[in-house]
Each structure stands twice: as C-alpha cells, then as structure tokens.
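Visitor: Could you take me through this structure? I would like to begin with the overall layout and then turn to single residues.

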Amino acid sequence: MPGYKPENVDIYRIPLGRTEAEIQDCQQYLSDEERQRAAKFLSASKVREFTITRSTLRQILAQTLDCDLSHITIANHPDGKPYLQFQPGPTRVRFSVSHS
C-alpha cells in the first residue's frame, strides 16, 4: 500500500451485504483450506460472513505487502486468531479481525 508505515493503524469496515454473484467472486480469493473451513459452518450467514471477510482481508494484505494473493498464507493461532504465516519482503504486518 503506498505510504504504508508499520506504526500506523488502519481500520477497514467491510460491508457484508453482497449478492450471490459477489459471494461467488469472493470465493476465488480463498485458499482451498479456507473454502473447506467455510463449508463447515452450519449457518449460511456465517459462510457468507467468513467468505467476504477473509477474501477482503487477503486482498488488503496483498495490496499492503505489494504481492500476489497467492503469497498470502493466513493461519490461525490455537485461540483462533488469524496471522500471516509467511510475509514476503521486508514489511511486517500485524492485523486483527473483529466481528461486531
């Protein structure tokens, strides 16, 4: 992201109201593991929320790190908190996702 500084805090609000076509488009940005995880949710609304949130997060991180989406590998700590498993280049990004 142009002008990215590690000491800055950027906040994004992700609208969840999307059409089915937009949801399908979001799925292309998910890894196979993320698609499998989404499929395990019992509620369709949770599947939509996860798909939209994770795909948007991946796009933001790829832009911030100036890399291809395929280089973005998001893993989860045992407590469920997501983190970047591998960060290409010298920039180190920390992030947090909140659902409210």
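Visitor: How many helices and strands are there in the protein chain?
Guide: The protein chain has three helices and two strands, where helices (H or I, at least four residues) and strands (E, at least two) are DSSP runs numbered from the N terminus. This is a predicted model, in which local features need pLDDT of at least 70 and side-chain atom pairs count only at pLDDT 80 or more, while totals for chains, interfaces and linings use all residues. Residues are numbered from 1 along each chain as its sequence is written, and side-chain values use heavy atoms, with hydrogens and water left out.

Visitor: In what order do the elements run from the N terminus on?
Guide: The order is α-α-α-β-β.

Visitor: What share of the 100 residues is buried?
Guide: Buried residues make up 30%. Buried means under 20% relative accessible area, exposed over 50%, and partly exposed in between (1.4 Å probe, protein chains only).

Visitor: And what of the contacts with a separation of 6 or more?
Guide: Of these contacts, 45% are between residues 24 or more positions apart; contact means heavy atoms within 4.5 Å.

Visitor: Now to helix α3. Is arginine 54 buried or exposed?
Guide: Arginine 54, which has its place in helix α3, counts as buried because its relative accessibility is 7%. Apart from neighbours within four places in sequence, arginine 54 is in contact with Leu30, Glu34, Arg37, Ile74, Asn76 and Pro82.

Visitor: What is threonine 53 in contact with?
Guide: Leaving aside neighbours within four places in sequence, threonine 53 touches Ile14, Leu16, Val97 and His99. Threonine 53 is also in helix α3 and, at 11% relative accessibility, counts as buried.

Visitor: Which residues form the aromatic pair?
Guide: The structure holds one such pair. Phenylalanine 41 and phenylalanine 50 form it, with 5.6 Å centre to centre and 45° between the planes, a tilted arrangement. Rings of Phe, Tyr and Trp (its six-membered ring) pair if their centres lie within 6.5 Å; planes under 30 degrees apart count as stacked, over 60 as edge-to-face and the rest as tilted.

Visitor: How do the two count, buried or exposed?
Guide: Phenylalanine 41 is partly exposed, at 31% relative accessibility, whereas phenylalanine 50 is buried, at 9%.

Visitor: A change of topic: where does aspartate 66 lie?
Guide: Aspartate 66 lies in the loop between α3 (44-65) and β1 (73-76). Its relative accessible area is 70%, so aspartate 66 is exposed. Although aspartate 66 is not a glycine, its phi is positive, at about 55°.

Visitor: Lastly, where is glutamine 27 found?
Guide: Glutamine 27 is in helix α1 (residues 20-27), and its relative accessible area of 26% makes it partly exposed. Beyond neighbours within four places in sequence, glutamine 27 is in contact with Arg35 and Thr51.
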